[in-house]
Amino acid sequence: MKNKITVFIPYNGLPHTEKTTKEFINSELVEKVFLLTSNKNLPPIINCEKLEIENYHSTKTITLIAENSKTDFTLILLEDISINPIQFALERFFSIAENTNAGICYSDFYEMNDGIRTNHPVIDYQLGSLRDDFDFGPLLFIKTKALKKAVKQKKSDYKFAGFYDLRLKISQSYSAIRIPEFLYTVIKPDSGSISDKHFDYVDPKNRQVQIEMEKAVTQHLKEIGAYLKPEFEKINFDDGNFDVEASVIIPVKNRVKTIGDAIKSVLIQVTDFSFNLIIVDNYSDDGTSDIIKSFAEKNKRIHHIIPKTKDLGIGGCWNEAVHNSKCGKFSVQLDSDDMYKDENTLQTIINKFREEKVPMIVGSYIITDFNLKEIPPGLIDHREWTPDNGRNNALRINGLGAPRAFYTPLLRKIKIPNVSYGEDYSIGLAISRDYQIGRIYEPIYFCRRWEDNTDAQIDITKLNANNLYKDRIRTFEVIARQRKNLKGD
């Protein structure tokens, strides 16, 4: 078992790097440790060899790693942080990787912040784990044969998407296996809360990164037979009879602080068509129901619905509204935390339906605090959605935007998953498989972030559950698209 691993570590001259290298050098399994650096003037570290690079996450760096790894396995540290492997951690990685023939192995880990150790479990990799920010943890244990094969298959040179492209290519021929054991500790300062990072991928300063990531996933989808050409079915807006042109739908449970504002933002809408407001009150017990009732008593356009059962999530509440006889031809989303930007939001959405003849519209929104003061990153317009490739890139990103609006007959046909996270993403992917989705890029919606809404900071267990579900939705969708392509329809 000796000398089976080559280790690659980013090196920026920070004190912890020498300590981390010793953790690996002292293992009988490690043949060599390479330090990857863009600063040739950094002092050497004993028993390590320096390799000069330009950008750590580039294709050139991946190629350099492949050229210099002469052992069966390659261990890569993805971040410049301090790592402390637990007892026999490398032996565990080695054993599982060798016995399963996995292309990539990764594990749960501990985090040490200010002397406090916490668990950081990760989730299983699957066919739909296409997010470029999938959390493997900072250690990747890679079968060198798989690494070299992926490098030979490269079709593009990336500055930012090198590791993303690498793991996509490896996943085409090998499995990526999570070891559900805490095999090392990461020692690093607090780098920001989950909520701070929630919108990183749509930050304008990261636009070039997004372009590369989209290119990589598009090529991957082509190679696995899940890419969809920009050819779309037409939609017929003549199905069904409706009393009103549009219905705003608000699912709500216990939003006494915000539901009134949401309702008011609907009632001020100025349109050239008839509309109503359907509020599905999912057994609120904090006074929300009384507020809805008081509005409904004064305005006949408001329909206050309480489901017959108590087993509905947000998706189930949407189904209640969409299948109600009061629902209009177009169903328009409004979360109970949020507000339409001004009196023109609804008209803008329906105009887009009329112009583009598509069954789904997605708008753009501004992130605000509770008092509607804009907060970073501000405008979220999802301009990464392009008419020709949006539905392919949608498998990489974690959301489609807001507000969302649908042609009701199609929504009744497809049905929305009865969950309270990812239900909108699921239905958007399903619709985009066959139809074009229209986009509105100017802001028409306020998304308020506060302590009780879905964008508030959540713990790692809940975050993992959310990400696992969305990856599963992507898995379903990738398979459906592969089958669509095989059928030729």
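What follows is a walk from the helix contacts to the core, the charged pairs and the backbone.

Modeller: A caution to start: this is a predicted model.

Take the pair α14 and α15. Helix α14 covers residues 423-432 and helix α15 covers residues 460-487. Their axes lie 10 Å apart, at an angle of about 10 degrees. Angles under 35 degrees count as roughly parallel, so α14 is roughly parallel to α15. On the α14 side, the contact uses Tyr425, Ser426, Leu429, Ala430 and Ser432. On the α15 side, Lys470, Ile473, Arg474, Glu477 and Arg481 take part. By class, that contact holds four nonpolar, two polar and four charged residues.

Two of those charged residues pair up. Glutamate 477 forms a salt bridge with arginine 481, with the closest N and O atoms 2.8 Å apart. The two are four residues apart in helix α15, so about one helical turn separates them. Glutamate 477 is buried, at 4% relative accessibility. Arginine 481 is buried too, at 0%. Arg474 also has charged partners: a network of salt bridges links Arg131, Asp133, Asp471 and Arg474.

Now compare the pair α4 and α5. Their axes are 9 Å apart and meet at an angle of about 110 degrees. The range from 65 to 115 degrees counts as roughly perpendicular, so α4 is roughly perpendicular to α5. Here Ala146, Leu147 and Ala150 of α4 meet Leu166, Lys169 and Ile170 of α5.

Helix α5 (residues 162-171) is mostly covered, with nine of its 10 residues buried. Among the buried ones are Phe163, Tyr164, Leu166, Leu168 and Ile170. Asp165, Arg167 and Lys169 are buried as well. The cover over these buried residues includes α2, β4, β6 (104-113), β8, α4 (144-152) and α7 (207-223).

Next, the core. In soluble globular proteins, nonpolar side chains tend to be buried together. The largest nonpolar core in this model has 138 residues. Within this core, Ile5, Phe24, Phe141 and Ile250 touch the most other members. Helix α3 (residues 89-100) gives the most to this core, with six residues. Phenylalanine 141 shows who its neighbours are. Leaving out residues up to four places away in sequence, phenylalanine 141 touches Ile5, Phe73, Thr74, Leu75, Phe93, Phe94, Ala97, Gly103, Ile104 and Cys105.

Back to charge. Side chains of opposite charge can pair when their charged atoms come close. The model has 22 salt bridges. One joins aspartate 72 and lysine 4, at 3.2 Å from N to O. Aspartate 72 sits in the loop between α2 (59-68) and β4 (73-77), and lysine 4 in the segment before β1 (5-10), so the pair ties together parts 68 residues apart in sequence. Both ends are partly exposed: aspartate 72 has a relative accessible area of 40%, and lysine 4 has 26%.

Another salt bridge joins arginine 178 and aspartate 124, at 3.5 Å from N to O. Arginine 178 is in strand β9 (residues 176-187), and aspartate 124 is in the loop between β7 (116-120) and β8 (139-143), so this pair ties together parts 54 residues apart in sequence. Aspartate 124 is partly exposed, at 41%.

Strand β9 also holds threonine 185. At 9% relative accessibility, threonine 185 is buried. Beyond its neighbours within four places in sequence, threonine 185 contacts Ser82, Ile83, Asn84, Tyr110 and Met112.

Last, the backbone. Most residues other than glycine have a negative phi, and most peptide bonds are trans. Some places here depart from that pattern. The bond from proline 376 to proline 377 is cis, with omega near 5 degrees. Proline 377 is in strand β16 (residues 374-380). The bond from alanine 402 to proline 403 is cis, with omega near -5 degrees. Proline 403 lies in the loop between α12 (390-393) and β17 (404-407).

Two asparagines carry a positive phi. For asparagine 47, phi is about 70 degrees. Asparagine 47 is in the loop between β2 (30-37) and β3 (48-52), and is exposed, at 58%. For asparagine 254, phi is near 55 degrees. Asparagine 254 is in the loop between β10 (246-252) and α8 (259-267), and is partly exposed, at 25%.

Note on methods: Residues are numbered from 1 along each chain as its sequence is written. This is a predicted model: local features need pLDDT of at least 70, side-chain atom pairs count only at pLDDT 80 or more; totals for chains, interfaces and linings use all residues. Side-chain values use heavy atoms; hydrogens and water are left out. A nonpolar core is a set of buried Ala, Val, Leu, Ile, Met, Phe, Trp, Tyr and Cys residues joined through side-chain atoms within 4.5 Å. Buried means under 20% relative accessible area, exposed over 50%, partly exposed in between (1.4 Å probe, protein chains only). Contact means heavy atoms within 4.5 Å. Axes are lines fitted to C-alpha atoms, for helices over the stretch in contact, and angles run from 0 to 180 degrees between N-to-C directions. Angles under 35 degrees count as roughly parallel, over 145 as roughly antiparallel, 65 to 115 as roughly perpendicular and the rest as oblique. Ala, Val, Leu, Ile, Met, Phe, Trp, Tyr, Cys and Pro count as nonpolar, Asp, Glu, Lys and Arg as charged, and the others, Gly among them, as polar. A salt bridge is a side-chain nitrogen of Lys or Arg within 4 Å of a carboxyl oxygen of Asp or Glu.
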